Amino acid sequence: MKKSQANIMHTIAILLMFSLILLVFYIFYYNISKQDLEKTSGVTFDALANKIAIRAVGFPPYKCASGDCIDKYKAISFSELAKDNDYFEIFGFSKIILEEIFPSMDKIIIYENVMEDFRVKKNIRIPVTIYEPVNKTKSFGVLIVEVFSK
Amino acid sequence: MRKSQADIAGIALAVILAVFAVLFFVKNSGNEDLLVFDDQINSKISSKFILTLLDTTADCNNMNLEEILLFCAEGKNLPCADACQNFEEITQDIFSKTFDRWNKAYYFTVTGDLEIMEFGVECSEGQISSSLSLPSKSGLLSLKLDICS
């Protein structure tokens, strides 16, 4: 083999080696980007779920006038109102349930808009005081916020 | 091996190491954000749980659990029940309908001059804690809720 041929072979070998290294890098980068994208969308979904839950806890139409609690009768009225009105921009694809834990067990579905073909669902349970204005009593309750996504 | 070949091999190795270092950094920085976010939610739930519990009206003279606990700490009895027993029963009932039903481990303690009240089991690994102090005539009462990781 002549010297010039050997040089060409040498250059080709180096180019092949670099191409191989680039390919390996690309595969690694692609896989990690995919994992990060899934993770980022998970974080975004968590943030959205958290935002909806915070909105649901302090939502003025059923919040107590006296402070940090949910008015039972206002919540019942709102649950009827929410069936006819569109609150999608506020609560999106979610289901909000007010569950009374003590003294008695009771459940009010405040808002319901379940995504038909959801793949991810996040449940957030927030303890809340439920005020009953007729007897002026406060019950221990939990606001269950279920948020759906594809 | 010629000098030029050795140089190329050296550069390739350096590039590989640099790329791995960057990938390792990017991967780990993502994990940190996720962990902080979950801790923040649990911490809020933990503190809100204690406040909601104390605000709950018991079935005795329309008193709330905070007032009943203060009666208990001062050694007084309620008109309709033993204050400490009443507080303990209602608290246990609420925990059994919440954390126990959700299969979430917790450890709630009330400490002060009175004997220590304990609910749940101490967390074996990590936990998110929240505590509250209540001044009473017999001293300071400390309420602490750990939500186990």
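A polar contact is a pair of N or O atoms within 3.5 Å; within protein, one of the two must be able to donate a hydrogen and the other to accept it. The model discussed here is predicted.

**Asp146(B) and its surroundings**

- The side chains of Asp146(B) and Ser129(B) make a polar contact at 2.6 Å.
- Asp146(B) belongs to strand 4 of chain B, which covers residues 139–148.
- Because its relative accessibility is 7%, Asp146(B) counts as buried, the cut-off being under 20%.
- Leaving aside residues up to four places away in sequence, Asp146(B) touches Ala105(B), Tyr106(B), Tyr107(B), Cys123(B), Gln127(B), Ile128(B) and Ser129(B).

**Extent of the interface**

- In chain B, 35 residues are in contact with 36 residues of chain A.
- About 3200 Å² is buried between chain B and chain A, and carbon and sulfur atoms give 70% of this area.

**Pairs and elements at the interface**

- The rule finds 3 salt bridges across the interface of chain B and chain A.
- Lys48(B) forms a salt bridge with Asp68(A), with the closest N and O atoms 3.6 Å apart.
- On the side of chain B that touches chain A, helix 1 (3–55) and helix 3 (83–97) of chain B each supply at least two residues.
- Helix 1 of chain B gives the largest share of that side, 23 residues.
- Sorted by class, the side of chain B that touches chain A has 18 nonpolar, 9 polar and 8 charged residues.

Key
Residues numbered from 1 in each chain as written. Chains lettered and ligands numbered in written order. Predicted model: local features only at pLDDT ≥ 70, side-chain atom pairs only at ≥ 80, totals over all residues. Heavy atoms only, no water. Helix = DSSP H or I, 4+ residues; strand = E, 2+ residues; numbered from the N terminus. Buried < 20%, exposed > 50% of the residue type's maximum accessible area, 1.4 Å probe, protein only. Contact = heavy atoms within 4.5 Å. Buried area = accessible area lost by both parts, 1.4 Å probe. Salt bridge = Lys/Arg side-chain N within 4 Å of Asp/Glu carboxyl O. Nonpolar A, V, L, I, M, F, W, Y, C, P; charged D, E, K, R; others polar.
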